[in-house]
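Have the viewer open and follow along.

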Amino acid sequence: MPLPPAPTKRAALLPPEAYDAPARSSHKAARKLEAAQQSGPIPEKPQAVDFDPRLGGGEPHLEAYRDSVESYLEHVAAPTPKKKEKAGAEPQPAARAPRKPKATGPSKLFVLDTNVLMHDPMSLFRFDEHDIFLPMIVLEELDGHKKGTTEVARNARQASRTLDALAGAQGADISKGLKLSGTGHTESGGCLFFQTQTLQNHLPASLPQGKADNQILGVVQALREQHAPREVVLVSKDINMRVKARALGLATDDYRNDKTLDDLELLYSGSLALPPDFWAKHGKTVESWQSGQHTFYRISGPIVPSLLINQFVYFESPGEPSLYARVTEIRGKTAVLKTLKDYGHLKNSVWGVTTRNREQNFAMNLLMDPEVDFVTLTGTAGTGKTLMALASGLTQVLDDRRYTEIIMTRATVSVGEDIGFLPGTEEEKMGPWMGALDDNLEVLGKTDTSAGEWGRAATNELIRSRIKIKSMNFMRGRTFLNKYVIIDEAQNLTPKQMKTLITRAGPGTKMICMGNLAQIDTPYLTEGSSGLTFAVDKFKGWPHSGHITLARGERSRLADFASEVL
């Protein structure tokens with residue numbers, strides 16, 4: 001792109017100081033001359049092509065470069081100037097080239113299915129610079145699902161309110177498309193189009209035209225013919241819908257923006273094995289000191305950038321002492337490691353429970369730390385998630401008096417056919433869902449063998465009085481003060497439900513989220529889009545949270561083998 005034309009006698013107005021400008025300004029002028037040469041032929045400037053200020057050169061090269069700039073400026077001064085310069089302003093030898101926009105390729109036109117909007121009401125703003133098209137039948141289906149108190153009905157109402165806000169924005173014109181950035185979502189650069197006229201399609205006669213899915217497929221086919229060669233893509237959460245679209249030769253894709261991770265192997269595990277040569281590389285610069293029962297190590301080296309706050313590290317090598325520590329501080333290129341308390345020893349048992357493996361000891365250190373407000377535990381069946389959470393909760397409620405009571409809740413999603421309505425109060429209705437609580441309390445009640453039958457009965461009564469079972473359906477608006485909250489089966493929660501529960505925490509409250517990501521029973525929820533995965537990924541590295549993936553089952557050899565082979 002050539003320089004903008006300058007007023008007459010621009011070169012004559014150049015002051016002598018301009019010729020002594022540093023190499024940077026000359027370099028910009030050289031870049032400008034090269035850009036102008038690419039955009040069109042300009043006579044008498046071969047010297048500027050051969051001259052490169054970055055190579056140094058001498059006075060002869062500089063004089064040739066000055067002559068080339070003067071001849072070029074005289075050449076571009078001939079046309080009528082498009083921009084007027086201010087009177088008395090000192091002109092520059094070359095103007096700064098405008099910044100080129102990022103090459104993002106041609107924008108696509110995405111046709112959204114109804115289930116995408118009901119799954120994520122904010123999906124309209126997740127397509128960057130691409131445009132979105134909504135068929136009329138999608139608005140009809142949204143209207144049909146807006147009544148009720150279910151999550152789908154709430155999402156349908158939210159999507160309708162979003163569409164109304166976009167249509168009511170200042171200067172909005174439905175016929176020309178609604179700017180998606182009109183409601184403050186600046187990351188969306190595309191437009192929203194509604195179906196305002198009948199579109200002719202050529203679907204096979206075997207597809208019934210009255211079905212909503214087939215009407216959307218007809219709209220996609222008509223848009224592809226109308227906007228060719230622009231790419232028109234159908235976005236749907238319905239697998240059968242995508243299969244039919246591919247059978248008709250239409251481009252289609254799943255809505256993946258709700259997924260926190262595409263691969264569960266990338267999920268933060270909470271622990272890191274130190275390399276075998278760790279002490280050889282970091283041993284010379286390690287500082288150590290003692291504080292109470294813990295030893296602290298300050299390390300610096302190539303491993304520090306890969307560490308996170310409250311991440312556990314361990315070093316195990318034959319013939320060398322083992323190290324189990326937690327990262328407590330990261331400052332610049334150094335990190336501080338703090339050794340752990342061994343809850344596997346009987347003298348450190350928690351409510352009679354001792355840890356049986358490395359990951360359980362990591363988890364117990366998080367559960368018993370008052371500075372950690374949010375703990376997430378994942379693992380297969382039988383890894384001891386609920387037992388450890390209850391044992392540490394009872395110790396801190398009844399013995400340490402750190403919290404006033406334990407509140408336990410879980411997602412009421414059944415594995416198979418629902419058994420219908422349950423009688424009784426809220427706690428009685430939640431009773432059948434809390435079988436895991438009863439099983440673990442039975443184990444914890446047997447740990448005190450010296451109290452006798454009456455003593456154990458009194459202990460069980462005391463425990464029951466300090467544990468409250470609550471339903472998630474009535475959590476909105478509540479605030480928990482000095483409570484120990486356990487959220488079981490958290491893998492069945494959506495990210496929105498997880499946010500609702502975590503934001504209930506008041507001063508002095510600790511929240512424990514547990515779940516097995518391999519056992520998700522909620523429809524349309526996967527390992528990557530689960531609320532538990534969402535919480536683990538968003539909270540990693542926060543100084544008051546921690547996560548551990550429990551790898552080894554301790555329930556029974558039958559349960560361990562079933563988890564591996566089934």
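## A cis proline to start with

Proline 229 sits in the loop between α7 (212-226) and β5 (232-235). The peptide bond joining alanine 228 to proline 229 is cis, with omega at about 5°. For context, most peptide bonds are trans, and most residues other than glycine have a negative phi.

A word on ground rules: this is a predicted model, where local features need pLDDT of at least 70 and side-chain atom pairs count only at pLDDT 80 or more, while totals for chains, interfaces and linings use all residues. Residues are numbered from 1 along each chain as its sequence is written, and side-chain values use heavy atoms, with hydrogens and water left out.

## The overall picture

The protein has 17 helices and 18 strands. Both are DSSP runs numbered from the N terminus: helices are H or I with at least four residues, strands are E with at least two. Of the 566 residues, 41% are buried; buried means under 20% relative accessible area, exposed means over 50%, and partly exposed lies in between (1.4 Å probe, protein chains only).

Look at contacts with a separation of 6 or more, and 68% of them are between residues 24 or more positions apart. A contact here means heavy atoms within 4.5 Å.

## Two positive phi values

Asparagine 310 is in the loop between β9 (294-300) and β10. Its phi is near 65°, a positive value in a residue other than glycine. Asparagine 310 counts as buried because its relative accessibility is 6%.

Glutamate 489 isn't a glycine either, yet has a positive phi of about 55°. You'll find glutamate 489 in the loop between β16 and α15 (495-502). At 24% relative accessibility, glutamate 489 counts as partly exposed.

## A covered strand, β14

How many residues of strand β14 (residues 405-410) are buried? The count is 6 of 6, so to speak a mostly covered strand. Glu405, Ile407 and Thr409 point one way, Ile406, Met408 and Arg410 point the other, and all of them are buried.

As for partners, β14 runs parallel to strand β16 (residues 483-488), with 6 bridges joining the two. β14 also pairs with strand β15 (residues 467-469), again in the parallel sense, over 3 bridges. Pairing requires at least two DSSP bridges between the strands. Methionine 408 has a bridge partner in each: isoleucine 486 in β16 and isoleucine 469 in β15.

## The open six-stranded sheet

Elsewhere, 6 strands form an open sheet with mixed pairing, in the order β7-β10-β11-β12-β9-β8. β7 (271-273) and β8 (287-291) stand at the edges with a single partner strand each, so one side of each has no neighbour in the sheet. Neighbouring strands are turned by 30° against each other on average, direction ignored.

At the β7 end, β7 pairs with strand β10 (residues 312-315) in the parallel sense over 3 bridges, and leucine 272 has valine 313 of β10 as its bridge partner. Helix α10 (residues 358-367) lies across β7, β10 and β11 (323-331), running at about 145° to β10. Axes are lines fitted to C-alpha atoms, for helices over the stretch in contact, and angles run from 0 to 180 degrees between N-to-C directions.

## Pocket and cavity

The second largest pocket holds about 710 Å³ of space. Its lining has 29 residues, with Gly382, Gly384, Leu387, Asn440 and Arg555 nearest the centre. α11 (385-399), α13 (435-445) and β17 (510-515) are the elements giving two or more residues to that lining. By class, the pocket lining has 7 nonpolar, 15 polar and 7 charged residues; Ala, Val, Leu, Ile, Met, Phe, Trp, Tyr, Cys and Pro count as nonpolar, Asp, Glu, Lys and Arg as charged, and the others, Gly among them, as polar.

A search of the whole structure turns up 3 cavities of 30 Å³ or more. The second largest cavity has a volume of about 60 Å³, and its lining includes Asn310. β18 (545-550) gives the largest share of that lining, 3 residues. On a 1 Å grid over the protein atoms alone, a cavity is a set of points where a 1.4 Å probe fits but cannot get out, a pocket is an open set with protein on both sides within 12 Å along at least five of seven lines, and lining residues have an atom within 4 Å of a point. Points are joined across faces, edges and corners, and a volume is the space filled by probe spheres set on them.
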